Amino acid sequence: MIDPDGYRPNVGIILMRDDGRLFWARRVHRDGWQFPQGGMNSDETPLEAMYRELGEETGLRPEQVEVLGSTPGWLRYRLPSRCVRPGEKPRCIGQKQVWFLLRLLCGEEALRLDATPKPEFDRFRWVDYWYPVEHVVAFKREVYARALGHMAPAARQVAGELAVPLPQFPLPGREPPRARRRA
């Protein structure tokens, strides 16, 4: 399913432990690390697609997570020209994503990267909140920064300000936060 502008509808999943660390996974047979994400079926809402992708990519069930927030609309990224398939109709030039922040309610032993016959990931680790912005493939960095920036207040309510500090870089579309003045 590709929209008229060439973007494939997709969901992204930021899975967080109570300590503010995020699930970061390596793509099977590749050196690329990312958050779980996946395309939406034409008959799915973003929330339904998110739960399906969560199960397929992590083995987690809806009752094992709590939805803390989602982006209010689509975040888009364009694929590099080398990734756009020539002659494809309709032509997919990128993805538009609704992002969800999930709190893990169970132990990490419930995570199953082999929940489907064709796993998406072969390894995972837990990383600091802002780590993915600087370590995801370059063409996804702005979307990751925007999604994490949007979710940071909800993440801070669970994990605290030390676990989810203000970013050390400007977030796209926002002015950098100003330092507080001391009286």
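Biologist: Which residues of α3 are buried?

Modeller: In this predicted model, the buried residues of α3 are Val143, Tyr144, Ala145, Ala147, Leu148, Gly149, Met151, Ala152, Ala154 and Ala155.

Biologist: Nice. What kink lies in α3, and where?

Modeller: Look at Ala152, where α3 has a kink of about 50°, shortly before the proline Pro153.

Biologist: Let's switch to the core. How many residues does the largest nonpolar core have?

Modeller: It has 27 residues, and those with the most contacts inside it include Ile14, Leu22, Trp99 and Leu148. At least two residues each come from β1, β2, β6, β7 and α3.

Biologist: Which of them gives the most?

Modeller: α3 does, with 9 residues.

Biologist: You mentioned Leu22. What is it in contact with, leaving aside its neighbours within four places in sequence?

Modeller: Quite a list! Among its contacts are Ile14, Phe35, Trp126, Tyr129, Pro132 and Leu148.

Biologist: What other core lies apart from the largest one?

Modeller: There is another core of 20 residues, and Leu15, Met50, Phe100 and Leu113 are among them.

Biologist: Now rings. How many aromatic pairs are there in the whole structure?

Modeller: A search finds 11. In one of them, the rings of Tyr77 and Phe139 have centres 5.6 Å apart and planes at 50°, so that pair is tilted.

Biologist: Where do Tyr77 and Phe139 lie?

Modeller: Tyr77 is in strand β6, while Phe139 is in the loop between α2 and α3, so the pair ties together parts 62 residues apart in sequence. Tyr77 is buried, with a relative accessible area of 5%, whereas Phe139 is partly exposed at 25%.

Biologist: Why is the pair of Phe124 and Trp126 edge-to-face?

Modeller: Because their planes are at 85°, and the cut-off for edge-to-face is over 60 degrees. Their ring centres are 6.2 Å apart. Phe124 counts as partly exposed at 26% relative accessibility, and Trp126 counts as buried at 9%.

Biologist: Which residues form one aromatic cluster?

Modeller: Trp24, Phe35, Trp99, Tyr131 and Tyr144 do.

Biologist: Last one: which charged end sits over the ring of Trp74?

Modeller: That of Lys96, 4.8 Å from the ring centre. Arg125 also lies over a ring face, that of Trp33, at 4.1 Å from the centre.

Technical notes
Residues are numbered from 1 along each chain as its sequence is written. This is a predicted model: local features need pLDDT of at least 70, side-chain atom pairs count only at pLDDT 80 or more; totals for chains, interfaces and linings use all residues. Side-chain values use heavy atoms; hydrogens and water are left out. A nonpolar core is a set of buried Ala, Val, Leu, Ile, Met, Phe, Trp, Tyr and Cys residues joined through side-chain atoms within 4.5 Å. Buried means under 20% relative accessible area, exposed over 50%, partly exposed in between (1.4 Å probe, protein chains only). Helices (H or I, at least four residues) and strands (E, at least two) are DSSP runs, numbered from the N terminus. Contact means heavy atoms within 4.5 Å. The bend at a residue is the angle between axes fitted to the seven residues ending there and the seven starting there. Rings of Phe, Tyr and Trp (its six-membered ring) pair if their centres lie within 6.5 Å; planes under 30 degrees apart count as stacked, over 60 as edge-to-face and the rest as tilted. A charge sits over a ring if NZ of Lys or CZ of Arg is within 6 Å of the ring centre and within 35 degrees of the ring normal.
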